[in-house]
Amino acid sequence: MSISFEKVAVKYLNAKTLSLGTCKEYRGTVAKWLAWGQGPTVDQISRSDLREFFDWVYEKAAEDGGSNAGRTANKARENLRAILSWAWEQDYLEKLPRLPKPKPQRDVAGRHYLTKSDLNTLYFATYALERPRGWKRTLTVGHYWRAALVVFFNYGVDTGTVFKLASFHEPILWRHVCWRPEPPNGQGRDCRYGWLYYRRVKTKKQFYRPMNRVVLTHLKSLRADQVGLDQSVFSCGSSRPNEHFQRLCQLAGVKPKQDVETGEEKLWVLKDLRKTCATYYDEHMPESSIEILGHSVGGVTYRHYAHRDPLAFKAIMSLPQPTAFTALMHGFDGECPCCRRRFPQA
């Protein structure tokens, strides 16, 4: 069946549930393919056509002043591979063309994750957070930020999963916390510390994750303020949690992240905690971050047959925690056990 690449790409995007940002990336690749102007129909695409197209994307990015032309070409390569694989599954082409090797690209752009030392200082700086205007809860705002830091580190959740920033966000509610050892979805082994349910903002994918002892301790510390099962677990005391987080970084003395090429400094945002989670999971157990963070992966076997839940369970239950996260377990809730600095208690 002769069909243009553009039409196949449109069918692919209509068939998949992708975020607006991801769809924009795919449309950008299609626009490049049309601008190249030499693309045959999908069933006639060959390896040499793909090589010429990726070379053109690379050269065009370099001419336009791009600082990482290899990454631009490789992004187009990933998008074409996904579209062509889907087209093959739908019988739009009989054989998948071999893709050329990726272009050399610069992967190191500075440190974009927080160290264990940074996390420790952030944790204890929460005791110095000021009481927000109109705050009527029994616990301090620092209690919620400490628990939020623990959840971000252990699960790499989206910001909207913890703090509701928009109407379409589904934050973690108290009914999403299961204190029983049996898995709520009936799959997998029991967890002595209970389970946590949440949904990704970007893909709407559901997760049932075991709680380790650190997560359980911090969520239990918030139950004194619980009003109802449909109440959100976390409250940052502001409608702009990233501003609060940057204030927390200032209190902790955490320096801004820096691009090693341009020297540009940028403020930390809550999304960087997701990158931090991925970094430490891969260091602890290689490839575990793919499952923990819910990244999409290629390959029919991986998607449909490889059972990844045991890997996630083992990784979550054995992940080494920053020392500050264990302070609450040892009875320290009003002072920093490292420097003995006193903070106001709830």
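Me: Before we start, what does "contact" mean here?
Reply: Contact means that heavy atoms lie within 4.5 Å. In this predicted model, 65% of the protein chain's contacts with a separation of 6 or more are between residues 24 or more positions apart.

Me: Nice. How many helices and strands does the protein chain have?
Reply: The protein chain has 13 helices and five strands.

Me: Which strands form the open sheet, and in what order?
Reply: Three strands make up the open sheet, in the order β1-β2-β3, and their pairing is antiparallel. The edge strands, β1 (177–178) and β3 (206–210), each pair on one side only.

Me: How many bridges are there between β2 and β3?
Reply: There are five bridges between β3 and β2, which covers residues 195–199. As one example, Leu196 has Arg209 in β3 as its bridge partner.

Me: Let's stay with Arg209. Is it buried or exposed?
Reply: Arg209 counts as buried, because its relative accessibility is 3% and the cut-off for buried is under 20%.

Me: What does its side chain reach?
Reply: The side chain of Arg209 reaches the backbone oxygen of Glu291 at 2.6 Å.

Me: And which residues is Arg209 in contact with, leaving aside neighbours within four places in sequence?
Reply: Among them are Tyr155, Trp195, Tyr198, Ile292, Ala312 and Ile316.

Me: Switching to the whole chain: what share of its residues is buried?
Reply: Of the 346 residues in the protein chain, 44% are buried.

Terms used. Residues numbered from 1 in each chain as written. Predicted model: local features only at pLDDT ≥ 70, side-chain atom pairs only at ≥ 80, totals over all residues. Heavy atoms only, no water. Pairing = 2+ DSSP bridges. Helix = DSSP H or I, 4+ residues; strand = E, 2+ residues; numbered from the N terminus. Buried < 20%, exposed > 50% of the residue type's maximum accessible area, 1.4 Å probe, protein only. Polar contact = N/O pair within 3.5 Å; in protein donor to acceptor, adjacent residues only side chain to side chain.
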